[in-house]
Amino acid sequence: MGLCSSKINKTTRNGTETTSAATTTVERQGSGRLRREKDLISGGEINEAEQLVGRLVGNGSSELACLYTQQGSKGTNQDAMLVWENFCSRSDTVLCGVFDGHGPFGHMVAKRVRDMLPFTLSTQLKKTLGMDSTSVINSATCIDEEQWCEKEDKLPLPEMYLPLKRALLKTCQQMDKELKMHPTINCFCSGTTSVTVIKQGKHLVVGNIGDSRAVLATRDDDNALIAVQLTIDLKPDLPSESARIQKCKGRVFALQDEPEVARVWLPNSDSPGLAMARAFGDFCLKDYGLISVPDINYRRLTERDQFIILATDGVWDVLSNKEAVDIVASAPSRNTAARALVCTAVRAWRLKYPTSKNDDCAVVCLFLEDSASMEVLETVVHSRKESIESVNITSSKDGEKKEEALAETDEIVPVLERKEAKTTESCRTESKKTTLAECISVKDDEEWSALEGLTRVNSLLSIPRFFSGELRSGSWRKWL
């Protein structure tokens, strides 16, 4: 489960404040034993960063966003998430992110990136703002060319974009160096994805590393809610990603029993089989085409834009963009939107792949309109729905009554109502007490990217088995 903010107790039994460093890190239990607080940097739960105002890292919500994560059935929850309001002391700026760890120490890597990326980004942004515009452009281009991911910006961009882009590029570069030198987190065969969103007024900057995803819910000309994908899933089989990996002597191919999941392999051994083309950590592949450079995009928000969904691949493996948008839009309240989406994804895993272990799921929902506007919009939607729909009650031969809907609407309605005709009898009787996830239906002829009966893991980690006898004897043990 996600982490909740907590205060470090720095008081003695009589309530007076102590300045002793030992008291802040070591507490005495009633039995007289000494208990050390967990350290978040090394994978624990408590850190000074947990106390920062406007920062959410666990299940919860605020006026602008809601967060929820749930552990899958594979083991430790390796997903992490972040919402930081008033970022960089700006009232119009919000930083959001989700991080999907993988490997033996993936949960530590994900939490480390979640905790340190905002501070590093803030520092780099201050440095960038002190540079002239020419230096900013040249520096950003240099980083892109160095990592073979140069991208031309075709749309007219605001002044804030290039400094923020450079700061984000430098931040990810610094994060990877810090992870490589970290004394307690082993990142040789462990890493994490990252998708971050920085919203500053009407400006939106999205940085993506790996296969987590950001989706925008907006309205079209007919006022219908549609889903717009803001990121590209950076899988190894993408032409640009595959070309870079092969140029660095890495290999890209899928296993025979899961042909739809392309993986990255070392040149001379069938390991580690990473299912993404970019990631923090995973230094065993950094010389063979794996990079930690984010794919950065800009979008200007309009009045039609409603909310943004950030989620790890545990959600997107079983739900489409439109389904996720509909679930969030039909949630009872903003506070429960992220939880409704996670619950639906977990239920979809059980129904679509009953013999598979479901993946960890983490969701961040960032709402772009204030609460008053959303309440007015929901009232209009429900009133329009009631006025458009009409029911004709006819008598059948046996005297029973049937209800036939004479008109349908394109407005977003709760999942329980939209799927009512396909739900089971048990789900109908308990519909008032169940969540949105418990009445989702599955079409028999529908195809999915994952494979039933298999647990898709992001890294197979079979390096020792394929090493030579000399290497297998001892050199690899320091990494595993």
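Student: Where is Thr196 found?
Tutor: Thr196 is in strand E9, which covers residues 194–200. Strands (E, at least two residues) and helices (H or I, at least four) are DSSP runs, numbered from the N terminus. This is a predicted model, in which local features need pLDDT of at least 70 and side-chain atom pairs count only at pLDDT 80 or more, while totals for chains, interfaces and linings use all residues. Residues are numbered from 1 along each chain as its sequence is written, and side-chain values use heavy atoms, with hydrogens and water left out.

Student: Is Thr196 buried or exposed?
Tutor: Thr196 is buried, with a relative accessible area of 3%. Buried means under 20% relative accessible area, exposed means over 50%, and partly exposed is in between (1.4 Å probe, protein chains only).

Student: What is Thr196 in contact with?
Tutor: Leaving aside neighbours within four places in sequence, Thr196 is in contact with Leu95, Cys96, Gly97, Phe99, Leu117, Leu168, Val205, Val206 and Gly207. Contact means heavy atoms within 4.5 Å.

Student: Helices next. At what angle do H2 and H4 cross?
Tutor: The axes of H2 (residues 106–129) and H4 (residues 161–180) cross at roughly 135° and come within 8 Å. That makes H2 oblique to H4. Axes are lines fitted to C-alpha atoms, for helices over the stretch in contact, and angles run from 0 to 180 degrees between N-to-C directions. Under 35 degrees counts as roughly parallel, over 145 as roughly antiparallel, 65 to 115 as roughly perpendicular, and the rest as oblique.

Student: Is the crossing of H2 and H4 left-handed or right-handed?
Tutor: Right-handed. Residues making the contact include Leu117 and Leu121 of H2, and Leu164 and Leu168 of H4. By class, the contact has 13 nonpolar, five polar and four charged residues. Ala, Val, Leu, Ile, Met, Phe, Trp, Tyr, Cys and Pro count as nonpolar, Asp, Glu, Lys and Arg as charged, and the others, Gly among them, as polar.

Student: What about H7 and H8, which residues meet there?
Tutor: Ala324, Ile327 and Val328 of H7 meet Ala337, Ala340, Leu341 and Thr344 of H8. Six residues of this contact are nonpolar, one is polar and none is charged. The axes of H7 (residues 321–329) and H8 (residues 337–352) come within 8 Å, crossing at roughly 135°. The crossing is right-handed.

Student: Where is Leu255 found?
Tutor: Leu255 is in the loop between strand E13 (251–254) and strand E14 (262–266). At 25% relative accessibility, Leu255 is partly exposed.

Student: How many helices and strands has the chain?
Tutor: The chain has 13 helices and 21 strands. Of its 480 residues, 49% are buried.

Notes:
Left-handed = near helix turned anticlockwise from the far one by under 90°.
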